[in-house]
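Dear colleague,

Here is the structure I promised to pass on. My notes follow below it.

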Amino acid sequence: MPSEMTLDAAVRAFPEIPRSALLKADLLRYGFQFGQVQVGSRHYHHHDERGQKGGVAAQAHVQGSVRLPDGTTVFMAHNPASPYTILSDPDGGPPSLWVSGTDEKVCGLSTGPRLGWTSSRTKRDTPMASIFTPSLGGGCGPLALFLLRHCEFVVDNEECRFCSWVRMGKSREMRPDVDDMRETLGAIWDEQRSIGYLAFSGGSLFDRTREADAFLTYMSAVHETGVKLPATVAAIQALDAPDSQRLKDAGFDYACYSMEVWAEELWKEIVPGKTRSVGRAHWMKCLTDAVKIFGEGRVLCNFVAGVETAVPGLYDSPEAAADSTLEGMKWCCENGIYPRYAVWIVQGGARLSDQKPAPLEYYARLMVGRQQLFQDYPLSVPATDCVHCLTQSFEADLARLDPGRYAIGEAGRHPWEHAHPMAHGTGGSSLAER
Ligand code: SF4
């Protein structure tokens, strides 16, 4: 695939796109080097290689987000080879972003949530961060709950090629402990004062009904805590209608059945496990059946934006690869399915960990094309999404930074700024100093 456009060249080539959105794309695809700086929260690796092996840098166990000067929120993970470095201010002020190994400052930064509870344990000595996880550094304190800490696709090397969950050693199916959950949710609420959403997720099983059973067990346990829940999402393999109905009856607000990639040719290359387990055509049927159960806009489908460019010879240009995914998003909209995307982050431990990230031209095409779909299809934005919690995509940033051009259709009606209250511990409050 031709071309490797620099950020400055992209800013010149795409004057209709706010510079912060392009910088965010560059930061997501490359990650950050952390200098000696206090950012993010301690991250418990439930399921990836770095959680299983010693000898990795301490920064690998930190995750969170930073905000650019105009408020754009960016997911932040450590990459020792990144061209961007976060450095602390020697006078104790907020950190700033630099071009690695140079004295070229890119911009100042403010920090996203820095949470104390992820280093705490329950009375039963369970690490709280092993029960709930801060979801993608979202500024409103969204949580993820990983309930199947293994994926059967790994057995025959059929794991999704972008996934780093695959070197996780012994399979473990967790059982929820209601007391641990209640105590942890209490500690989270005391500290954050906001939980943007709660996403349930985990590895895949070839028996999808059994996979759904685990989601129901966990939802029941979370309900038993008596804690008032925010919007809940089940991120799970595509289920047949009876199992989708069970999710709905259990109280899930949204079902997320992620195709990850759109084109038929990409399915066997990128998601071989999903290809064998369900298959693309049947996955799409499960999605449309689920809309009849959850309602329009309440079934989500995520795409790993950029991973298409890793398949040699398939697309002539980054724009052609983006157009393929936009075609998939359009199909979703036509069928009442809300399309989401997250920038492909090249992860250690994934099959594609030696690939170059997708070019900026790809993201320029995709982010603008996706925004146009808000105009073309009246599908409301999920309650999970806000400008502080969408740390790996650009829908909210574009709508906020250039509303005349990008807050169109449903993107103009959604309260991107105020969908959730901001969490305490965000942006240098007293909790952030913990
Ligand atoms: S289904 Fe794919 S993305 Fe999910 S855990 Fe398994 S390999 Fe990873």
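In strand S6, Trp-98 stands opposite Thr-85. This is a predicted model, in which local features need pLDDT of at least 70, side-chain atom pairs count only at pLDDT 80 or more, and totals for chains, interfaces and linings use all residues. Residues are numbered from 1 along each chain as its sequence is written.

Strands and helices here are DSSP runs, numbered from the N terminus (strands: E, at least two residues; helices: H or I, at least four). Two strands pair if DSSP finds at least two bridges between them. S5 (residues 84-87) and S6 (residues 96-99) run antiparallel and are joined by four bridges. S6 is also joined to S7 (residues 105-108), again antiparallel, by three bridges. Here Leu-97 has Cys-107 in S7 as its bridge partner. Five residues lie between the strands of the S6 and S7 hairpin, where Gly-101 takes a positive phi near 75°.

The ligand has 10 residues around it, and Cys-151, Glu-159, Cys-160, Cys-163 and Ser-204 come nearest. A residue counts as near if its C-beta atom, placed from the backbone, lies within 6 Å of the molecule.

Helix H11 (residues 360-376) has end C-alpha atoms 25 Å apart, which agrees with the 24 Å that its 17 residues should span at 1.5 Å a residue. That expected span is 1.5 Å times one less than the number of residues. H11 is mostly covered, with 12 of its 17 residues buried (20 or more other C-beta atoms within 10 Å of the residue's own, all placed from the backbone). Among them are Tyr-362, Arg-365 and Phe-374.

Regards
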